[in-house]
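Welcome! Take a look at the sequence and the model, then read on.

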Amino acid sequence: QVQLAESGGGLVQAGGSLRLSCAASGRIFSINDMGWDRQAPGKQRELVATITSGGSTHYSDSVKGRFTISRDNAKNTAYLQMNSLKPEDTAIYYCNADVATIRTRSFYWGQGTQVTVSS
């Protein structure tokens with residue numbers, strides 16, 4: 001019943017910026033933590049950033065100072081502002097969310113959006 005839809009990925013030159021969006025839809029009572037992970041070809045999936053329902057944020061060391069995660073609870077949407085992009089940021093970025101419905105609470109993933117940074 002719950003779906004996450006990412007958007008905003010694309011091609012960008014090194015040093016450029018992109019903003020990713022993640023919109024949750026369905027029978028949502030509340031959304032707890034939201035976040036972004038990424039996976040580059042041949043590499044393990046890694047945590048990029050998380051944000052709690054109260055707005056507390058956490059970032060991986062590799063993106064700290066360059067990326068900013070935020071959320072709009074009225075829109076059930078999370079954002080990832082990515083600045084000073086580097087080629088090593090190239091990956092598929094996946095949104096995730098801990099979602100509570102009227103009866104259950106479970107973790108959901110989006111389909112992913114490709115981010116490619118050229119050198």
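Is Thr-57 buried, partly exposed or exposed? With a relative accessible area of 34%, Thr-57 is partly exposed (buried means under 20% relative accessible area, exposed over 50%, and partly exposed in between, using a 1.4 Å probe and protein chains only). You are looking at a predicted model, where local features need pLDDT of at least 70 and side-chain atom pairs count only at pLDDT 80 or more, while totals for chains, interfaces and linings use all residues. Residues are numbered from 1 along each chain as its sequence is written, and side-chain values use heavy atoms, with hydrogens and water left out.

**Around Thr-57**

- Thr-57 sits in strand E6, residues 57-59 (helices, H or I, of at least four residues and strands, E, of at least two are DSSP runs, numbered from the N terminus).
- Leaving out residues up to four places away in sequence, Thr-57 touches Thr-50, Ile-51 and Ile-69 (contact means heavy atoms within 4.5 Å).
- Between Thr-57 and Asn-32 there are 12 Å in space, C-alpha to C-alpha, and the two are 25 residues apart in sequence.

**The disulfide**

- A disulfide is a covalent bond between the sulfur atoms of two cysteines.
- The structure holds one disulfide (a pair of cysteine sulfur atoms within 2.5 Å).
- Its partners are Cys-22 and Cys-95, with sulfur atoms 1.9 Å apart.
- This pair links distant parts of the chain, 73 residues apart: Cys-22 belongs to strand E3 (residues 18-25) and Cys-95 to strand E9 (residues 91-100).
- The torsion about the S-S bond of Cys-22 and Cys-95 is about -80°, so the disulfide is left-handed.
- Both Cys-22 and Cys-95 are buried.

**The nonpolar core**

- The largest nonpolar core has 30 residues (such a core is a set of buried Ala, Val, Leu, Ile, Met, Phe, Trp, Tyr and Cys residues joined through side-chain atoms within 4.5 Å).
- Strand E9 gives the largest share of this core, five residues.
- Trp-36, Val-48, Phe-67, Leu-80, Met-82 and Tyr-93 have the most contacts inside the core.
- Apart from neighbours within four places in sequence, Tyr-93 is in contact with residues including Leu-20, Trp-36, Val-48, Phe-67 and Thr-113.

**Thr-113**

- Thr-113 lies in strand E11, residues 113-118.
- Its relative accessibility is 10%, so Thr-113 counts as buried.
- The side chain of Thr-113 reaches the backbone nitrogen of Gly-9 at 3.3 Å.

**Aromatic rings and a charge**

- The structure holds one aromatic pair (rings of Phe, Tyr and Trp, its six-membered ring, pair if their centres lie within 6.5 Å; planes under 30 degrees apart count as stacked, over 60 as edge-to-face and the rest as tilted).
- The rings of Phe-107 and Trp-109 have centres 4.9 Å apart and planes at 75°, so the pair is edge-to-face.
- Arg-45 lies over the face of Tyr-94, at 4.0 Å from the ring centre, and over the face of Trp-109, at 4.7 Å from the ring centre (a charge sits over a ring if NZ of Lys or CZ of Arg is within 6 Å of the ring centre and within 35 degrees of the ring normal).

**Positive phi values**

- Most residues other than glycine have a negative phi.
- Asn-76 is not a glycine, yet has a positive phi of about 50°; Asn-76 is found in the loop between E7 and E8.
- Ser-84 also has a positive phi, near 50°, and lies in the loop between E8 and E9.

Definitions and conventions. A polar contact is a pair of N or O atoms within 3.5 Å; within protein, one must be able to donate a hydrogen and the other to accept it, and residues adjacent in sequence count only if both atoms are side-chain atoms.
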